[in-house]
Amino acid sequence: MSKLLQTVFCGAALLALAAVPAEANADETNCDEAKVLPYTLPDPLTASDGSAVTTPEEWFAKRRPELLDLFQREMYGVMPGVDRSRLAFETLRTNPVAFDGKGTLKEVRVYFDAPNPAPKLDLLVCIPNRAEKPVPAFLILNFQGNHTTCSDPWISISDNTEANHTRGVNGEERRGYKAERYPFEMIIDRGYAFVTGFYEDIDPDFDDGRQNGVHPLFAPFEQDVPEESRAATITAWAWGLSRALDCLETIPEIDAGRVAVAGHSRLGKTALWAGANDPRFAIVISNDSGCGGAALTRRNFGETIDAITRTFPHWFCPKYNSYIGRTGELPFDQHELVALIAPRPVYIASASEDLWADPTGEFLSAYNADPVYRLLGTDGFGGAAPEPPAADTPVGAVIHYHRRTGKHNITDYDWSQYLDFADEHLPR
Ligand code: GTR
């Protein structure tokens, strides 16, 4: 174990030890800092055979594949391959004068199993008109349908019949209902394309034993994968993000080598997992991703494996349930998910009132991924202190972090930080 890690991990453990009352229990959901139990994080730079990882070559040839494999088999499920002969993309409609002529909106359909019409993912693509060369892009899945991300009446109402979020309880259209989360104009004004798609187009968000959405397409790739490690829904969504990127590679106005994948909450978990699996994503942004995302699992604060797998059994593969009550035996923790993205820039954001997502645990993942980023020749977390920064004070370098004042949400404040971060790391 490196000196830096030793200091950090033991320091954290000792601090916690002094403060923890005897009755604290790792399996109970806890939102009291004084009840955080001692824990020791696995060292990302120690391979499972105990050997130290000291060079970028060892990281890429040995440790990174080993960690990715562990996350796949024990937590999210094995990432399936893709039959490219069944992928097809179709531009359905184009509006070249959206946002007072500042942008072009396109509706582009990704067929996952062409020539079958389903399953498919409808992407809403917005490109700044003033661009003279291909632009970088933000790609983010949305929760209620593309028409809820923007009030422009040109945008088609989602035709997804399997999902119950696309319309209101009385069947009403919900145009622009969540527009505050998706600032199209702010993003195109800064010279970026903005791309969104409805997450349940890829895989509906309920437990049906992995039968719906894109799951049937995974069968040829899962023959040798044990049932308990087969692709769960977060893996399906992440797989869909990679197919969205395949599609963006065919749009000439977009520079697909400079795509930032972002996500909020469960889709923040998904963005991290997509970035870990698909090195084509140039930047990864986790907004309030919490448990099973950026937050450390061993730190008993906020949502637990027990709580999350009870409510959302389909998000993770069945193997993950076996770690309920024994988080200390997980062969990884979430700082190593962040490390799998190295050396690419990663932004982890929390919200001060979002205790369920454990803002401090999210910060500590960013902090403890730093040694891997440094091994790979970047300035990692930029020498940020081991304690979380004050609210609304972003810290870091290639790994960046902020804790916005307020609730579980994705706001203009968050987006303006992501835009600044992209300006710095996706040079024109
Ligand atoms: C919560 C869940 C979190 C987070 C959130 C969301 O209920 O406990 O892990 O993912 O949902 O995605 O909105």
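Visitor: How many Å from an oxygen atom of the ligand does a polar side-chain atom of Arg266 lie?
Guide: The separation is 2.5 Å. A polar contact is a pair of N or O atoms within 3.5 Å. Glu303 also places a side-chain N or O atom 2.5 Å from a ligand oxygen, and for Trp356 the value is 2.9 Å. This is a predicted model, where local features need pLDDT of at least 70, side-chain atom pairs count only at pLDDT 80 or more, and totals for chains, interfaces and linings use all residues. Residues are numbered from 1 along each chain as its sequence is written, and side-chain values use heavy atoms, without hydrogens and water.

Visitor: Which residues surround the ligand?
Guide: Counting residues with a heavy atom within 4 Å, they are Ser265, Arg266, Lys269, Glu303, Ile308, Phe312, Trp315, Trp356 and His408.

Visitor: What should I look for in the backbone?
Guide: Most residues other than glycine have a negative phi, and most peptide bonds are trans. Here, the bond from Ala114 to Pro115 is cis, with omega near 10°. Another cis bond joins Ala118 to Pro119, with omega near -5°. Asp100, which is not glycine, has a positive phi near 55°.

Visitor: Where is Pro119?
Guide: Look in the loop between E2 and E3; Pro115 has its place in that loop too, between strand E2 (103-111) and strand E3 (120-128). Strands (E, at least two residues) are DSSP runs, numbered from the N terminus. As for Asp100, find the loop between strand E1 (88-98) and E2.

Methods:
A polar contact is a pair of N or O atoms within 3.5 Å; within protein, one must be able to donate a hydrogen and the other to accept it, and residues adjacent in sequence count only if both atoms are side-chain atoms. Helices (H or I, at least four residues) and strands (E, at least two) are DSSP runs, numbered from the N terminus.
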